[in-house]
Amino acid sequence: MSEFSFTLIFTLPENGQNPEQWVEALGAQGCDDALVGVGVTGRIALNFIREASDAKLAVVSAIQDVKRIIPGTALVEVMPDLVGLTDIAELLGFSRQYIRKVMVSREAFPQPVHDGKTAIWHLEPVLRWMREAGVSKVPLPLVELSAVTRQCNLQRELASLDRNMQKQLGKL
């Protein structure tokens with residue numbers, strides 16, 4: 001068994017129930033391994049530290065638990081997935097400056113998903129690259145978790161795409 005640390009963000013159902021009641025219900029019905037936050041109106045965030053045999057089981061069971069306890073909730077995001085340099089540095093225990101130096105001095109650093117004032121990457125390819133390039137001994141459970149969180153977010157996004165457009169773009 002390994003411990004996996006991840007965050008799930010959900011929308012709350014629009015039935016007007018006090019979010020504090022959901023917090024109590026989550027703790028009482030199986031999500032006592034999560035720190036729960038309701039600071040954003042209409043949203044609930046759960047920072048889990050869940051023991052499981054693999055990352056997929058940890059994340060999927062947590063999503064199932066929340067959806068069982070809060071009927072009508074919708075998954076917004078699973079983290080860690082989309083990250084900046086600071087996030088990468090914090091996850092691995094390095095300074096942001098060191099990660100930036102690695103990014104610019106090495107070839108084949110993964111391309112960002114968004115490259116603007118602040119660049120954003122999917123965490124999984126960055127961690128895999130860091131392991132393969134010998135930059136860092138990234139723990140395998142973290143690589144595994146980043147792959148699962150990425151798949152969850154991509155699946156959520158794909159559900160809203162137009163099927164005909166997907167077919168056309170797939171041919172390009």
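# Exercises: salt bridges and a helix face

Glutamate 124 has a relative accessibility of 13%, so this residue counts as buried. The model used here is predicted.

**Exercise 1.** Classify arginine 50 and aspartate 33 as buried, partly exposed or exposed, and describe their salt bridge.

*Solution.* 
- Step 1. Take the distance. The closest N and O atoms of arginine 50 and aspartate 33 are 2.7 Å apart. The cut-off is 4 Å, so the pair forms a salt bridge.
- Step 2. Place the residues. Arginine 50 sits in strand β3 (residues 43-52). Aspartate 33 sits in the loop between α1 (19-28) and β2 (34-37). The two are 17 residues apart and link distant parts of the chain.
- Step 3. Apply the burial cut-offs. Arginine 50, at 6% relative accessibility, is buried. Aspartate 33, with a relative accessible area of 21%, is partly exposed.

**Exercise 2.** How many salt bridges does the model have, and which residues form a network?

*Solution.* 
- Step 1. The count comes to 6 salt bridges.
- Step 2. One of them joins glutamate 157 and arginine 156, at 2.9 Å from N to O. Glutamate 157 is partly exposed at 43%. Arginine 156 is partly exposed at 30%.
- Step 3. Look for shared partners. Through them, salt bridges join Asp33, Arg50, Asp65 and Arg68 into one network.

**Exercise 3.** Why do the buried residues of α3 line one face of the helix?

*Solution.* 
- Step 1. List the buried residues of α3 (residues 85-92): Leu85, Ile88, Ala89 and Leu92.
- Step 2. Look down the axis of α3. These buried residues fall within an arc of 100°, so they line one face.
- Step 3. Link this to helix geometry. An α-helix has 3.6 residues a turn, so residues three or four places apart point the same way.
- Step 4. Name what this face meets. The buried residues of α3 pack against β5 (82-83), α4 (96-105), β6 (121-122), α5 and α6.
- Step 5. Check what follows the helix. Glycine 93 comes after α3, with a positive phi near 80°.

How values were computed: Residues numbered from 1 in each chain as written. Predicted model: local features only at pLDDT ≥ 70, side-chain atom pairs only at ≥ 80, totals over all residues. Heavy atoms only, no water. Salt bridge = Lys/Arg side-chain N within 4 Å of Asp/Glu carboxyl O. Helix = DSSP H or I, 4+ residues; strand = E, 2+ residues; numbered from the N terminus. Buried < 20%, exposed > 50% of the residue type's maximum accessible area, 1.4 Å probe, protein only. Arc of directions from axis to C-beta. Contact = heavy atoms within 4.5 Å.
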